[in-house]
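Please look at the sequence and the structure first.

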Amino acid sequence: MLYDQILSAKKESKKLLAILIDPDKVAVESISVLAKKIKQSPATHIFVGGSSFDGHHLDEIIIELKSKTDLPILLFPGNPSQISAAADGILFLMLLSGRNPDYLVEHQINAVPILEKTNLEIISTGYILIESGGETAVERVSKTKPLSKANAEYVAQTAKAGELIGNKMLYLEAGSGAQNAVPMEIIKEVSNRIAVPLIVGGGIRSKKQIDEAYTSGADLVVIGTAFENDINFFD
């Protein structure tokens with residue numbers, strides 16, 4: 001089970017890395033080159049999804065990725081239309097930082113009939129958007145405001161509430177293409193408050209930032225834009 005593997009890695013202090021692939025920005029024909037670079041990287045997981053994708057080649061992208069890599073593929077969906085039975089699992093997201101009921105429960109309800117027809121491993125994940133210096137796609141699409149980066153205590157409270165609700169993982173997100181990554185003090189505050197695995201992504205553009213996120217308490221770091229812009233990122 002994917003979640004059990006993530007839990008085991010946390011217990012063993014083994015840090016994980018996911019490459020986030022936005023299907024809006026990737027053509028099926030480019031997967032071979034992308035997969036080769038992913039295999040040469042220290043990535044342990046592949047996340048697939050985006051805030052606004054509504055295309056029809058999601059299955060093809062995932063099938064092609066699976067044929068070219070051995071890494072587990074987890075869906076990171078913006079809405080129920082981004083569910084593919086071809087993946088291994090799904091981050092079943094609850095947008096804890098916002099108060100838009102569509103992203104707290106409505107999309108999840110609409111996803112149920114689709115998920116029931118798949119064998120996807122479903123991992124309940126509390127998703128917390130942190131302000132990052134400009135409006136992100138998540139903010140625009142979800143019509144919600146991020147939490148202030150100046151109030152680490154409130155962010156930690158929000159994360160703890162997600163854990164108490166039953167989320168199996170918490171995801172601190174600065175947003176795709178964010179100007180600034182999630183501050184280290186927020187990662188530390190949240191990590192110290194929760195017991196479940198902590199994912200951190202958005203605005204991470206260097207190996208140094210990845211290491212800093214790990215040191216601050218992230219169990220799994222996600223990079224997307226930086227890898228899209230430079231597939232030689234880890235060379």
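At what angle do helix α7 and helix α8 pack, and how far apart are their axes? The model is a predicted one, in which local features need pLDDT of at least 70, side-chain atom pairs count only at pLDDT 80 or more, and totals for chains, interfaces and linings use all residues. Residues are numbered from 1 along each chain as its sequence is written, and side-chain values use heavy atoms, with hydrogens and water left out.

**Helix pairs**

Helix α7 (residues 184-193) and helix α8 (residues 207-216) pack at about 30°, and their axes are 8 Å apart. This angle makes α7 roughly parallel to α8; angles under 35 degrees count as roughly parallel, over 145 as roughly antiparallel, 65 to 115 as roughly perpendicular and the rest as oblique. Axes are lines fitted to C-alpha atoms, for helices over the stretch in contact, and angles run from 0 to 180 degrees between N-to-C directions. Helices (H or I, at least four residues) and strands (E, at least two) are DSSP runs, numbered from the N terminus.

Contact means heavy atoms within 4.5 Å. From α7, Met184, Ile187, Lys188 and Ser191 meet Glu212, Ala213 and Ser216 of α8. The residues of this contact are three nonpolar, two polar and two charged.

Helix α7 also packs with helix α6 (residues 152-165), as the table shows. Residues of α6 in that contact include Ala152, Val155 and Lys160, while those of α7 include Ile186 and Arg193. By class, the contact of α6 with α7 has six nonpolar, one polar and six charged residues.

| Helix pair | Axis angle | Axis distance |
|---|---|---|
| α7 and α8 | about 30° | 8 Å |
| α6 and α7 | roughly 35° | within 9 Å |
| α2 and α3 | roughly 45° | within 9 Å |

Helices α2 (residues 31-40) and α3 (residues 58-68) form another pair. They are therefore oblique to each other. Ile31, Ser32, Ala35 and Lys39 of α2 make the contact with Ile61, Glu64, Leu65 and Lys68 of α3. Four of these residues are nonpolar, one is polar and three are charged.

**Serine 132**

Serine 132 lies in the loop between β5 (121-129) and α5 (137-142). Is serine 132 buried or exposed? Serine 132 counts as buried because its relative accessibility is 2%; buried means under 20% relative accessible area, exposed over 50%, and partly exposed in between (1.4 Å probe, protein chains only). Its side chain reaches the backbone oxygen of alanine 174 at 3.0 Å. Apart from neighbours within four places in sequence, serine 132 is in contact with Ala174, Ala178, Gln179 and Asn180.

Definitions and conventions. Ala, Val, Leu, Ile, Met, Phe, Trp, Tyr, Cys and Pro count as nonpolar, Asp, Glu, Lys and Arg as charged, and the others, Gly among them, as polar. A polar contact is a pair of N or O atoms within 3.5 Å; within protein, one must be able to donate a hydrogen and the other to accept it, and residues adjacent in sequence count only if both atoms are side-chain atoms.
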